[in-house]
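Open the structure in your viewer and keep the selection tool at hand. The stops below are meant to be taken in order.

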Amino acid sequence: MDSLTAKVNAERRKRVYVGDLPNDFLRLDMVPLADSTTRLQQEAADQQAAMALQQNLSYVQGDRDRNRLNITIVQARLVKNYGLTRMDPYVRLRVGHCVYETQTDPNGGKTPKWHKIIQTLPQEGVNQIHIEVFDECSFKMDELIAWTTIPIPIQIYKGVTIEQWYDLTGKQGPNNEGTINLIFSFGTPPNLVLPNSLTMLPQMPKFMGSNANLTPIYIQPTAPQVPQVFSSDDLKQIQDMFPNMDKETVRTVFEANNGNKDLTVNSLLQMVD
């Protein structure tokens, strides 16, 4: 018995690691050192690019009075729920070099609603926007559900407000993933304070098995506004004038027109036509 125990102990001692431990010993992140160095260099380059972009898009005298492209992301109708138990959609909007995001609609499923107003300065040569709809996930990368590219309606530069549903592309095929409701307008919003900084958000993979690309994006925070008090009586009167139109849509157009009753009615009439 003693000889058997001695033989087992001797066999176990042969398996003991002797010498210097490797650099990745007991590390969960099994990224090779060469890849780690490349990632650090990429992050540094991305930071420099973000700083350069910030300087180009920083506040300059006169921007306060410039007209802005106003995009309201109202809601979407999706054809499939890709969540295991629920789906929490949000929208990422890209206008030129600027990227904006809506809030997440918890358990929005196939009919999420956001009513998010995005205001951005027009950029030379930019005549379209890019829309991506994501499902916010807790334990993995957020899943891209649908996307589309939409030309900016030229009618808005003549004072026309455009409200329309646009087809979405996704796993179900081109223009078969559902639709998204957007409102476009162009004008100068009051009491607007432009941000003087941009936030860099690297699109990093969260787990080693992920195939996500290390593509940095730059998110420009939505310009803060001084809260405005609109006439609830005017809003209710307009909603009564358009009983077949969604009340939240009427409210969104009313706010986009800065509480101007006449402009709101004209815009809604154009939308009905």
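The tour goes from a hairpin to a tryptophan and then to a helix.

This is a predicted model, in which local features need pLDDT of at least 70 and side-chain atom pairs count only at pLDDT 80 or more, while totals for chains, interfaces and linings use all residues. Residues are numbered from 1 along each chain as its sequence is written, and side-chain values use heavy atoms, with hydrogens and water left out.

Select residues 89–95 and 98–101, which are strands β2 and β3. Helices (H or I, at least four residues) and strands (E, at least two) are DSSP runs, numbered from the N terminus. The two strands run antiparallel and are joined by four bridges; strands pair if DSSP finds at least two bridges between them. Pick Arg92 to find its bridge partner in β3, Glu101. Two residues lie between the strands of this hairpin, where Gly96 has a positive phi near 65 degrees.

Next, select Trp147 in strand β6 (residues 143–151). Trp147 is partly exposed, at 37% relative accessible area (buried means under 20%, exposed over 50%, partly exposed in between, with a 1.4 Å probe and protein chains only). Leaving aside residues up to four places away in sequence, Trp147 touches Ile131, Glu132, Leu168, Thr169 and Gly170 (contact means heavy atoms within 4.5 Å). Thr169 is 22 residues from Trp147 along the chain, yet their C-alpha atoms are 5.3 Å apart.

Last, select helix α3, residues 232–241, whose buried residues are Leu235, Ile238 and Gln239. They cover an arc of only 100 degrees around the axis, so they lie on the same side of α3; the arc is that of the directions from the helix axis to the C-beta atoms. Turn to the other side of α3 to see Asp233 and Lys236, which are exposed.
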